[in-house]
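Dear colleague,

Please find the structure below, followed by a short account of what was found in it.

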Amino acid sequence: IENSGYINVVQSTVEDNIIFVVSDNGCGMDEKDLSVVFEPGYSTSFDKETGNMSTGIGLTHVRNIVDQFGGKIEVRSTKKLGTSFYIYIPKDNI
């Protein structure tokens, strides 16, 4: 099927952490972008019809929420293969 993308969400428990992995099979990100992906205003999304960029605040909010739970978030990405976000939250904080 042409354009058959997916977003996969998996939750597991490892030691004292609840781990959420959110991954896709999209175009992936450049290595240089991984260090700024959580910064306010950073975005790769835009409306193809209008050319308007997205606000770039979504992942900033996610990081702030993860921080509130005493957790951490990591991103891993490979060009042309996709991106995965790993969220670790201590079980005692949920």
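**Findings**

Thr 60 sits in helix α2 (residues 58-68); helices (H or I, at least four residues) and strands (E, at least two) are DSSP runs, numbered from the N terminus. This is a predicted model, in which local features need pLDDT of at least 70 and side-chain atom pairs count only at pLDDT 80 or more, while totals for chains, interfaces and linings use all residues. Residues are numbered from 1 along each chain as its sequence is written, and side-chain values use heavy atoms, with hydrogens and water left out.

Thr 60 is buried, at a relative accessible area of 9% (buried means under 20%, exposed over 50%, partly exposed in between; 1.4 Å probe, protein chains only). A polar atom of its side chain lies 2.9 Å from the backbone oxygen of Phe 38. Beyond its neighbours within four places in sequence, Thr 60 contacts Phe 38, Glu 39 and Pro 40 (contact: heavy atoms within 4.5 Å).

Phe 38 also belongs to the largest nonpolar core, which has 11 residues, including Ile 73 and Val 66. Such a core is a set of buried Ala, Val, Leu, Ile, Met, Phe, Trp, Tyr and Cys residues joined through side-chain atoms within 4.5 Å. Strand β4 (82-90) gives the most to this core, with 3 residues. Ile 73 touches Phe 38, Val 62 and Arg 63, among others, not counting residues up to four places away in sequence.

The 4 strands form an open antiparallel sheet in the order β1-β2-β4-β3 (strands pair if DSSP finds at least two bridges between them). Its edge strands are β1 (7-14) and β3 (72-78). Between β1 and β2 (residues 17-24) there are 8 bridges, and Gln 11 stands opposite Phe 20 in β2.

Yours sincerely

Terms used:
A polar contact is a pair of N or O atoms within 3.5 Å; within protein, one must be able to donate a hydrogen and the other to accept it, and residues adjacent in sequence count only if both atoms are side-chain atoms.
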